[in-house]
Amino acid sequence: MTDISWDDAFCSEGANCFRFGVDGAGKAYIGTTESGAYVADSVEALRALIAAVKAGAADHLL
């Protein structure tokens with residue numbers, strides 16, 4: 001199993017809490033605090049996803 005170092009959770013207005021993490025190999029993770037499920041990809045890919053969500057281009061993913 002991958003050992004992930006999680007940051008403190010970020011909670012939005014609707015009480016949806018997300019957390020970001022990274023493993024020893026530099027792979028990035030994003031997941032919710034209510035589930036053990038997460039998405040993993042490169043740091044650059046997850047930054048692009050977050051930028052798209054903030055810009056309103058990918059809000060349907062939430």
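Reader: Which backbone oxygen does the side chain of arginine 19 reach?
Author: The side chain of arginine 19 reaches the backbone oxygen of threonine 32, at 3.5 Å. A polar contact here is a pair of N or O atoms within 3.5 Å; within protein, one must be able to donate a hydrogen and the other to accept it, and residues adjacent in sequence count only if both atoms are side-chain atoms. This is a predicted model, so local features need pLDDT of at least 70 and side-chain atom pairs count only at pLDDT 80 or more, while totals for chains, interfaces and linings use all residues. Residues are numbered from 1 along each chain as its sequence is written, and side-chain values use heavy atoms, with hydrogens and water left out.

Reader: What is the nearest side chain of opposite charge to arginine 19?
Author: That is aspartate 8, 10 Å away. Arginine 19 is buried yet has no salt bridge. Buried means under 20% relative accessible area, exposed over 50%, and partly exposed in between, with a 1.4 Å probe and protein chains only. A salt bridge is a side-chain nitrogen of Lys or Arg within 4 Å of a carboxyl oxygen of Asp or Glu. For charge, Lys and Arg count as positive and Asp and Glu as negative; His and the chain ends are not counted.

Reader: And which residues is arginine 19 in contact with, leaving aside neighbours within four places in sequence?
Author: They include Trp6, Asp7, Tyr29, Ile30 and Thr32. Contact means heavy atoms within 4.5 Å.

Reader: Where does arginine 19 lie?
Author: Arginine 19 lies in strand β3. Helices (H or I, at least four residues) and strands (E, at least two) are DSSP runs, numbered from the N terminus.

Reader: What phi does glycine 26 take in the hairpin?
Author: Glycine 26 takes a positive phi near 90 degrees, in the hairpin of β3 and β4, which has four residues between the strands.

Reader: How many bridges pair β3 and β4?
Author: Five, in the antiparallel sense. Two strands pair if DSSP finds at least two bridges between them. Within this pairing, valine 22 has alanine 28 of β4 as its bridge partner.

Reader: What else pairs with β3?
Author: Strand β1 (residues 4-6) runs antiparallel to β3 and is joined to it by three bridges, with tryptophan 6 partnering glycine 21. Strand β2 (residues 10-11) also pairs with β3 in the antiparallel sense, over two bridges. There, cysteine 11 stands opposite cysteine 17.

Reader: Turning to β4, why is it described as largely enclosed?
Author: Four of the five residues of β4 (residues 28-32) are buried, so the strand is largely enclosed by the rest of the structure. β4 also pairs with strand β5 (residues 38-41), antiparallel, over four bridges. A hairpin of five residues joins the two. Isoleucine 30 has valine 39 as bridge partner in β5, and alanine 28 stands opposite aspartate 41.

Reader: How far apart in space are isoleucine 50 and isoleucine 30?
Author: They are 9.9 Å apart, C-alpha to C-alpha, and 20 residues apart in sequence. Isoleucine 50 lies in helix α1 (residues 43-54) and counts as partly exposed because its relative accessibility is 31%.

Reader: Finally, what pattern does the protein follow along the sequence?
Author: The pattern is β-β-β-β-β-α, and the secondary structure comes to one helix and five strands. Buried residues make up 18% of the 62 residues.
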